[in-house]
Amino acid sequence: MPLYELGVIITPSLADEEREAFLGELKELLAKEGATIVKEDVWGKRNLAYSIKHEREGFYVFWQYEGPGTVVKPLEYRLRLSDQVLRCLNLNLDREMQRARKMEKVRAEQKAAKREKKGQRAEASAAAAVAEV
């Protein structure tokens, strides 16, 4: 099953019990769809860079979870409908990791090509210097 990361910014005006109840609902939804939370990272209340829905602060929660692709649609639907959520982002980390590995490979190939080109120039200039003498 692929690994996903969910980042949610919740309104800071919620009481602790309400916030925990909402996060509990999300956890139940994930469990019902067959996903398991691998890592939970709660950042707490932070200042936002700009106001979102007239709020200057938000409560940040990040989860990494493994689950089938069918879990994403109902989860995002629930997050979009909720007035308690300021922003959310759901990433497929497997896809992101593949993209990062591909970019590293391309960069390594570019560096190797640069080194080879630089070596050829040095050989050509050395040959030209020997020809002049």
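**Charged pairs, core and helices**

Reply: In this predicted model, D16 forms a salt bridge with R19, and their closest N and O atoms are 2.3 Å apart.

Me: In which helix do D16 and R19 both lie?

Reply: The two residues are 3 residues apart, which is about one turn of the helix. The element that holds both D16 and R19 covers residues 16-32, and its name is helix α1.

Me: Is R19 buried or exposed?

Reply: A residue counts as buried under 20% relative accessible area. R19 has a relative accessible area of 7%, so R19 is buried.

Me: Which residue forms a salt bridge with E25, and how many residues apart are the two?

Reply: The partner of E25 is R78, with the closest N and O atoms 2.3 Å apart. This pair links distant parts of the chain, since E25 belongs to helix α1 while R78 belongs to helix α2 (residues 72-81). E25 is partly exposed at 39% relative accessibility, and R78 is partly exposed at 29%.

Me: In which strand does E40, the partner of K27, lie?

Reply: K27 forms a salt bridge with E40, their closest N and O atoms being 3.3 Å apart. K27 is in helix α1 and E40 is 13 residues away from K27, in a strand that covers residues 36-52, namely β2.

Me: How many salt bridges does the count come to?

Reply: The pairs are D16 with R19, E25 with R78, and K27 with E40. The count of salt bridges comes to 3.

Me: Which element gives the largest share of the largest nonpolar core?

Reply: The largest nonpolar core has 20 residues, and those with the most contacts inside it are I10, Y65, L75 and L79. The elements that give two or more residues to this core are β1 (3-10), α1, β3 (55-66) and α2. The largest share, 5 residues, comes from α1.

Me: Which residue caps the N-terminal end of α3?

Reply: Helix α3 covers residues 93-132 and reaches 58 Å from its first C-alpha to its last, close to the 58 Å expected. At its N-terminal end, a side-chain oxygen of the capping residue lies 3.1 Å from the backbone nitrogen of D94, and that capping residue is N92.

How values were computed:
Residues are numbered from 1 along each chain as its sequence is written. This is a predicted model: local features need pLDDT of at least 70, side-chain atom pairs count only at pLDDT 80 or more; totals for chains, interfaces and linings use all residues. Side-chain values use heavy atoms; hydrogens and water are left out. Helices (H or I, at least four residues) and strands (E, at least two) are DSSP runs, numbered from the N terminus. The expected span of a helix is 1.5 Å times one less than its number of residues. A polar contact is a pair of N or O atoms within 3.5 Å; within protein, one must be able to donate a hydrogen and the other to accept it, and residues adjacent in sequence count only if both atoms are side-chain atoms. A salt bridge is a side-chain nitrogen of Lys or Arg within 4 Å of a carboxyl oxygen of Asp or Glu. Buried means under 20% relative accessible area, exposed over 50%, partly exposed in between (1.4 Å probe, protein chains only). A nonpolar core is a set of buried Ala, Val, Leu, Ile, Met, Phe, Trp, Tyr and Cys residues joined through side-chain atoms within 4.5 Å.
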